[in-house]
Amino acid sequence: MNAPLEAPTRGRLNHANHILAEVLRFAHPADAVLSRYFRENRNLGHRDRAWLAETVYAVLRHLRQVRLWAGPNAQPKALLLAWLVKGAGHSVRHLEPAISQTEREQLGEVKARQLPPASLADRCDLPDWLAERLAPVFGEEGLVSLCHALNQSAPLDLRINPLKAEREAVLAQLAAEGIKARPGRLSPLAIRLAEKPALQTHPLYLGGQVEVQDEGSQVLAWLVAPRRGELVVDFCAGAGGKTLVLGALMRSTGRLHAFDVSDKRLAKLKPRAARAGLSNVHPVVIDNENDIRVKRLAGKADRVLVDAPCSGLGTLRRNPDLKWRQSPESVEELKGKQAAILQAAARLVKPGGRLVYATCSLLPEENEHIVQAFLAANPAFQVRNAGEILQRQGIPVEEGEFLRLTPDRHDTDGFFAAVMERSA
């Protein structure tokens with residue numbers, strides 16, 4: 001388990017208590033709660049913010065275990081203190097300057113509490129329903145290994161923009177600045193940083209030579225494998241991280257449509273594309289997957305990427321609150337959206353064209369089951385072996401009909417992808 005960056009002060013504990021209380025309402029994503037709190041408390045320094053974010057995220061990652069330590073009805077402050085003592089390794093004496101006499105006594109009870117034998121969900125720090133669904137997929141020990149990786153903080157990955165830079169040159173520049181980095185294991189454009197420096201004002205970022213993007217997310221572009229001059233569609237583009245990779249692989253030629261239902265997300269793509277030097281990206285806000293602006297491209301696209309809205313359970317290293325915010329009901333609702341979006345996107349693919357369906361989920365019902373149901377209803381599409389496609393491009397993943405990336409095996413976020421091609 002990860003230790004907080006520094007020992008707490010009374011002020012830090014009070015701030016952490018306010019943040020955690022809001023996060024545990026699960027009305028908003030944890031990162032949004034933190035961002036808003038930091039905007040409202042601009043007097044907090046960089047070290048304070050780092051400590052608060054790390055500590056709140058640590059409690060979220062291990063919330064089930066922390067509640068066992070602190071008691072099922074423990075308030076946010078008690079959860080924080082239980083984590084600091086039992087998870088982060090602080091002694092009660094170390095915390096004394098920042099806590100009350102009552103809190104010292106409560107921590108004594110926490111340290112003395114005898115816990116029942118741990119269930120699989122306890123060992124994995126998952127809600128019961130999620131452990132039950134994932135155990136048949138990964139096996140008991142495989143799931144424990146996966147969750148151990150998911151409960152770590154995610155590393156910081158960069159993606160080189162091949163229109164403006166080469167990886168070796170960027171690595172050399174980072175080394176000259178004392179920033180430790182190495183090439184990624186999978187993506188030919190990835191760089192893994194040893195630490196997490198602020199990059200928003202770095203010349204490499206401002207000049208469009210690099211973007212921040214998880215290495216697993218980068219790999220999806222090589223499954224699409226766009227060529228120069230083609231018509232390509234990123235069907236659920238969001239803020240455009242994958243769009244930028246596709247555009248660069250196309251060498252800014254052809255036409256790349258970026259569809260999304262959120263104008264706020266797509267608005268972020270325009271300055272990013274300009275910074276990257278891409279002139280072939282065309283962001284389009286759509287009302288839904290059946291928008292007339294989508295239908296106009298029916299049968300015309302060479303490649304279509306569907307990075308479908310999903311539970312996000314493969315991103316728990318970055319978004320640990322998702323495992324507590326999602327539910328069987330929310331997954332069921334997502335399945336309907338995924339199937340509808342995939343069916344609508346498939347209509348754009350021309351004969352001989354390629355369709356890639358991807359999620360950052362670990363659940364088969366959002367992944368294989370969606371693809372298998374689509375193939376049964378659309379015999380013109382056939383699966384292509386994702387592992388072979390990547391290996392032909394020099395990306396070392398194990399061969400498999402579908403791409404499955406996990407943090408314990410690949411040190412990336414969890415991803416699923418299927419490649420399908422239309423024969424007629």
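Predicted model: local features only at pLDDT ≥ 70, side-chain atom pairs only at ≥ 80, totals over all residues.
## About the model

Local features need pLDDT of at least 70 and side-chain atom pairs count only at pLDDT 80 or more, while totals for chains, interfaces and linings use all residues. Residues are numbered from 1 along each chain as its sequence is written, and side-chain values use heavy atoms, with hydrogens and water left out.

## Helix α1 against α2

Let's start at the N-terminal helices (DSSP runs of H or I, at least four residues, numbered from the N terminus). Helix α1 (residues 10-23) and helix α2 (residues 30-40) cross at roughly 140°, and their axes come within 9 Å. That makes α1 oblique to α2. Here axes are lines fitted to C-alpha atoms over the stretch in contact, and angles run from 0 to 180 degrees between N-to-C directions. Angles under 35 degrees count as roughly parallel, over 145 as roughly antiparallel, 65 to 115 as roughly perpendicular and the rest as oblique.

The crossing of α1 and α2 is right-handed (the near helix is turned clockwise from the far one by less than a right angle). On the α1 side, the contact (heavy atoms within 4.5 Å) is made by His-15, His-18, Ile-19, Glu-22 and Val-23. From α2 come Ala-30, Val-33, Leu-34, Arg-36, Tyr-37 and Phe-38.

## Helix α3 joins in

Helix α3 (residues 46-61) packs on α1 at an angle of about 45°, with the axes 10 Å apart. Again, that makes α1 oblique to α3. This crossing of α1 and α3 is right-handed too. Among the residues that meet here are Leu-13, Ala-16 and Leu-20 in α1 and Trp-51, Val-56 and Val-59 in α3. The contact of α1 with α3 divides into 10 nonpolar, one polar and three charged residues (Ala, Val, Leu, Ile, Met, Phe, Trp, Tyr, Cys and Pro count as nonpolar, Asp, Glu, Lys and Arg as charged, and the others, Gly among them, as polar).

The axes of α2 and α3 come within 11 Å and cross at roughly 155°, so α2 and α3 are roughly antiparallel to each other. Ala-30, Asp-31, Leu-34 and Phe-38 in α2 meet Arg-49, Leu-52, Ala-53, Tyr-57 and Leu-60 in α3. By class, this contact of α2 with α3 has seven nonpolar, no polar and two charged residues.

## The cavity

The structure holds one cavity of 30 Å³ or more (a set of points on a 1 Å grid over the protein atoms alone where a 1.4 Å probe fits but cannot get out; lining residues have an atom within 4 Å of a point). About 30 Å³ of space lies in the largest cavity, a volume being the space filled by probe spheres set on the points, which are joined across faces, edges and corners. Its lining is formed by Arg-159, Asn-161, Gly-208, Glu-211, Leu-244 and Ala-276.

Notes. 1 Å grid on protein atoms, 1.4 Å probe; cavity = no way out; pocket = protein on both sides within 12 Å on 5 of 7 lines; lining within 4 Å. Helix = DSSP H or I, 4+ residues; strand = E, 2+ residues; numbered from the N terminus.
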